[in-house]
Amino acid sequence: MRRFLCLLLGVALLAPPGVAAGDVTSGRDGIRGWTILSDSDAGDDQVIAAAKQYRVNHLQLSHDVVHDLREVREPARQAQVNRLTDLAHRSGVKEVAAWDHALYALTYYPAEYRTGPGGTIDLDNEKFWEWFRSDYRQMLDLVPNIDSIVLTFIETGARVENQHSEKLKTASEKLAYLVDQIATVLEERGMLLYLRTFGYYPEEMQRTIDAINLVKNTKVRVMAKAQPHDFFLTHPIDVTVKDIKRPVLIEYDTTGEYNGQGKIANAFVAEHADRLRYYKKLPNVIGYVGRTDRYRESRIVGTPTEINLYALKRASEGASNDLIYFEFAARKYGLLAAPHVARALKRSPEIITSSLYSLGSNTANHSRLDYDPYCSSYHRSVSGKWIDPPTTFVKHGVNKKFHYWIDVADHLSPPHCKTDGILRREAGYVLDKGWVTPGNHMTAPYLKDITVEKDHGVKLAEASLRDIETVRKFLRPNDYAQLKSYFERTVMTTKLHRSVAKAYFGYRIYIQEPSADLAKTIWEGLDEAKLIAAQVRAYPAPSTGEWNWVIDAAQADLYYTRISEGWDRYSNIKVPRP
C-alpha cells in the first residue's frame, strides 16, 4: 500500500507545478487572480509566466505599475501597462485590471468646478461630472486593452465625501454617486468595476458597505480583504463580506506585508487556505486574488514563499493543509527532501507570531523592527478591534489568555501612543471603559512573557534551519542555498527582535524602577542586538522591496544608542552597564 501511494504521488508530481490532476473549478469560484505591485519588467514577466502554470485568469496591475489611473498619462507607465496587459492576455489571462483611486488631489480638477465653500468641488454642477467622465474616457483610451478597474473610492485625494453638495446629503450618497459616474464610463466599454472595501474600525467599514449598497449600477463588483482593516495574522475573517449584496472577490496578502514580506519564514498555508475555505461557502464570493510581491524585486514566485500562492489554488481544489505543504515541498525540492522542508516551512506562522508579534499583537512596522515610536501596533492594528470579546490565548511557551486592550495594549504601548488621538477616534470606547489608561504601564511580568515568547521564536527558527541542513544531500545546490539563506535570515531576525524587545521593554520598566537585575537584562539584550546587527550587515542582502531587511541592523543600533546613552523621549535616563 505504501509503495502504491508513493507511486501515485510520483505520477502526480509529473504534472506542471501548480496544476493538479482532475483540476475542476466551479463557476462561482471562477476567479483565480494574482496582483503585481512591482514595476520590475523582468520580474513581472516571470510572474506572468508562472501565472499560466497556475491557471490564473485574472491579473491586477497595481501600486508601482499603476496606482492612480491618471499615471498612464506618463509615457513610461502607459507603455508598461500596455505591454503587461498584452503579455498577460497572450499568456491566457482573460481579465487584466488596473488600479485607480478617486478622487485625486483637489488641484487636479479645474478651478471652475471648485466653487463650493472653501474651494471644494460643487458636486451638484453637472458640467463637473461631464468633465469627469470625459477625463476618465481619455485615460482609458491610453490603455485600451485593460478589462477592468479596481477602485479605491474612500480616503483618497480630495475625498468626495468632503466636497460640496445640496442634493447628496450624506458621505455614503456622495461616494455612491462618484462610483456610478465611473461605472457608467466603464459600462460603455464593456469593462468591469471592482470596489475595494476598507475601514480602520468597524463603524468606518460599515460606512463603506452603506455606500456600496447605494450604488445604482448593478454590474459593479466588490473586492474585500480576507481580514478586516489590514493584513494581520491575528485578525479574524471579515464578517461584512456575507452582507455585501454584490459579487465579491477576496484579496489575500500572500507576500506578508506585515509578516516578513517573503524574506524570512513566510509559508502561511493555513492563514490563506482556511480563510479561503470559509469564504468559498459564501454565495456572493466569486474567487480569490493574491499579491505576488511587495515592490521592486521582492516577488515570491520562485521562492519558498510561493507556497502561499500554491495554497490558494490547491485549497480551492479541496486539498488539505498538510497535503499542500508536502506537495509544494516535493514538487519544488524533491520527494526525498520534502518531509523535512515541509516541516521547516510549516513552522512559519508560529515563528512570525512569536517574533514580529508580541503577545498577540503585531509589533513590526510593515515587517520592520520598530517598537517605538511606531504607534499603530498599539491602537490602529490591534486585532481586538474586530473580536468580541477582545481576548486571545497566546501559546509560544507563554500559555496565557490576554485581553487585547487591558493586558497587551495598555502595558506594551508607549505613553505617547495613548494620547495621539487615533485611539480616541477609532476605538474611543477603550478609553471610556478604562481599558487603556495614560502613562507607562510596562511591568516585569509582561517583560517575562515577551522574553519567553521571543525565545520560542528563536528556537523554532533554529529548528527549521536544522531541518534544511538535514536534507542538504537531497537538495540541488541552488535550492539548498535558497532555503539556507531563507532560514538563516529568519534566525537572525528572531534573535534581533528578542534582543531589542528585552532591551526596549526592559528600559520602559527601568525608567520607573531602576534595578541592577533589570540593568543586567537590558544589557544582555543590547549586547546581543549589537552582535546580531553586525551579522545582518555582513550577510548577503535579500532581494529589494519595501522592507529593507538590512536596515533592521541600523534600527537595532539606534535602540542601543537610545538606551545606553539616554533617550530624550524618556527624560534622557541612561542604563549604566552592570
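**Close-up views of a predicted model**

By class, four nonpolar, five polar and three charged residues form the lining of the second largest pocket. The views described below are all taken from a predicted model.

**View 1. The second largest pocket and its lining.** The space in the second largest pocket amounts to about 280 Å³. Its lining consists of Thr-234, Pro-349, Glu-350, Thr-353, Gly-360, Thr-392, Phe-393, Val-394, Lys-395, His-396, Tyr-404 and Glu-453. Two or more of these lining residues come from each of helix H11 (348–355) and strand S13 (391–394).

**View 2. The largest pocket and the residues closest to its centre.** The largest pocket holds about 530 Å³ of space. It is lined by 29 residues, and the closest to its centre are Arg-196, Phe-198, Tyr-200, Lys-225 and Asp-230. Sorted by class, the lining of the largest pocket comprises nine nonpolar, eleven polar and nine charged residues.

**View 3. Helices H5 and H6 at their crossing.** Helix H5 spans residues 171–188 and helix H6 spans residues 202–214; their axes lie 8 Å apart, at an angle of about 50°. H5 and H6 are therefore described as oblique to each other. Their crossing is right-handed. On the H5 side, the contact involves Ser-172, Glu-173, Leu-175, Ala-176 and Asp-180, while H6 contributes Arg-207, Asp-210, Ala-211 and Leu-214. Four of the residues in this contact of H5 with H6 are nonpolar, one is polar and four are charged.

**View 4. Helices H7 and H8 side by side.** The axes of helix H7 (residues 269–280) and helix H8 (residues 307–316) cross at roughly 30° and come within 9 Å. This angle makes H7 roughly parallel to H8. The crossing of H7 with H8 is right-handed. In H7, the residues of the contact are Val-269, His-272, Ala-273, Leu-276, Arg-277 and Lys-280; in H8, they are Ile-307, Asn-308, Ala-311, Leu-312, Ala-315 and Ser-316. The contact of H7 with H8 contains seven nonpolar, three polar and two charged residues.

**View 5. Helices H16 and H17 and their contact.** Helix H16 (residues 516–538) crosses helix H17 (residues 551–565) at roughly 150°, and the two axes come within 8 Å. H16 and H17 are therefore roughly antiparallel to each other. H16 passes H17 in a left-handed crossing. Among the residues that H16 brings to the contact are Trp-523, Leu-526 and Lys-530, and those of H17 include Tyr-559, Tyr-560 and Ile-563. By class, twelve nonpolar residues, one polar residue and four charged residues make up the contact of H16 with H17.

View 6. Most peptide bonds are trans. The bond from Asp-372 to Pro-373, however, is cis, with omega near 25°. Pro-373 belongs to the loop that runs between strand S12 (368–369) and S13. The peptide bond from Asp-388 to Pro-389 is also cis, and its omega is near 0°. Pro-389 likewise lies in the loop between S12 and S13.

**View 7. Arg-55 and its positive phi.** Most residues other than glycine have a negative phi. Arg-55, which is not a glycine, has a positive phi, near 60°. Arg-55 is located in the loop between helix H2 (41–53) and strand S2 (58–61).

Terms used: Residues are numbered from 1 along each chain as its sequence is written. This is a predicted model: local features need pLDDT of at least 70, side-chain atom pairs count only at pLDDT 80 or more; totals for chains, interfaces and linings use all residues. Side-chain values use heavy atoms; hydrogens and water are left out. On a 1 Å grid over the protein atoms alone, a cavity is a set of points where a 1.4 Å probe fits but cannot get out, and a pocket is an open set with protein on both sides within 12 Å along at least five of seven lines; lining residues have an atom within 4 Å of a point. Grid points are joined across faces, edges and corners, and a volume is the space filled by probe spheres set on the points. Ala, Val, Leu, Ile, Met, Phe, Trp, Tyr, Cys and Pro count as nonpolar, Asp, Glu, Lys and Arg as charged, and the others, Gly among them, as polar. Helices (H or I, at least four residues) and strands (E, at least two) are DSSP runs, numbered from the N terminus. Axes are lines fitted to C-alpha atoms, for helices over the stretch in contact, and angles run from 0 to 180 degrees between N-to-C directions. Angles under 35 degrees count as roughly parallel, over 145 as roughly antiparallel, 65 to 115 as roughly perpendicular and the rest as oblique. A crossing is left-handed if the near helix is turned anticlockwise from the far one by less than a right angle, and right-handed if clockwise. Contact means heavy atoms within 4.5 Å.
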